[in-house]
Amino acid sequence: MTTRSKEKVVAAFRKLFRSSDKITEQEGASGSTGSPSRRLLSRHHRPDAVTPAASSMPENSGSSRADHGSCFFKSKKSSGTSGQTMSMAEKGLRRLMKELSEIQRMQHHRDSTFTAELVNDNLFEWHVRLHKIDPESELAADMRELDIPHILLHVIFPENFPFAPPFMRVISPRIEKGFVMEGGAICMELLTPRGWASAYTVEAVITQFAASIVKGRGRVARKPKSNKEFTQRSAEESFKSVVKTHEKYGWVTPPLAEG
């Protein structure tokens, strides 16, 4: 090969390498507009390289997951609380239905101690008629004398029954002493959250009341001594007051003479 020919070959190679370097520089400058496969390969071989798109995706994605996760846990918590509340309500309904069914089944017998019926078809509100108390008691004698067939009780069950006690008051006749207070409220520890247990049945409550009213020497009031309204509201206020007092000083049964 002549000297002139060698110079031409060298010049051609230099030109080729300059063109290749120029193309490489252009690709480097326009790397963001390259093909997806080229960018993927570039990322794969340069793991420390972070593009704007790559840096923004985890941040947005993470934020989105955090928002959805937060909502998910809130809704899950709310769902659990709602489910728990619904479960408690269902237990209360089933318990009341079972007890009412049993009471109504027994009340067809002539020797039934008490009967029960719903108030306005409300399962959480009952009228209970106590037909029998100690026949030797003064209260029983008063009822015979005045031809009073039963003691009418108004029973209101909370939504979380049987985990909370019912509220109960005497509607008629008006009772003096016997742990019966203003508005017909009943002073009985069993009817308070402190004295209540979910195992107690309506029958147990009525039986306890029948014993309590006799123990307290209850009598039928011939003439009401108080001019206060005989209402559920007055009964609730009276009951709250006596519960507050007993929580402070304890549930000590007063002397029978004090009723």
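In what order do the 4 strands of the open sheet lie, and is their pairing parallel or antiparallel? The order is β1-β2-β3-β4, and the pairing is antiparallel, where strands (E, at least two residues) and helices (H or I, at least four) are DSSP runs numbered from the N terminus, and two strands count as paired if DSSP finds at least two bridges between them. The model is a predicted one, in which local features need pLDDT of at least 70 and side-chain atom pairs count only at pLDDT 80 or more, while totals for chains, interfaces and linings use all residues. Residues are numbered from 1 along each chain as its sequence is written, and side-chain values use heavy atoms, with hydrogens and water left out.

At the edges of the sheet stand β1 (114-119) and β4 (167-172), each of which pairs on one side only. Strand β3 (residues 151-156) pairs with β4 in the antiparallel sense over 5 bridges, and Ile156 has Phe167 in β4 as its bridge partner. Across β3 and β4 lies helix α6 (residues 232-249), which runs at about 130° to β4; axes are lines fitted to C-alpha atoms, for helices over the stretch in contact (heavy atoms within 4.5 Å), and angles run from 0 to 180 degrees between N-to-C directions.

The largest nonpolar core has 43 residues, such a core being a set of buried (under 20% relative accessible area, 1.4 Å probe, protein chains only) Ala, Val, Leu, Ile, Met, Phe, Trp, Tyr and Cys residues joined through side-chain atoms within 4.5 Å. Its largest share, 6 residues, comes from α5. Met168 is among the residues with the most contacts inside this core, and the residues that Met168 touches include Leu153, Val205 and Phe209.

Definitions and conventions
Buried means under 20% relative accessible area, exposed over 50%, partly exposed in between (1.4 Å probe, protein chains only). Lists of a residue's contacts leave out its neighbours within four places in sequence.
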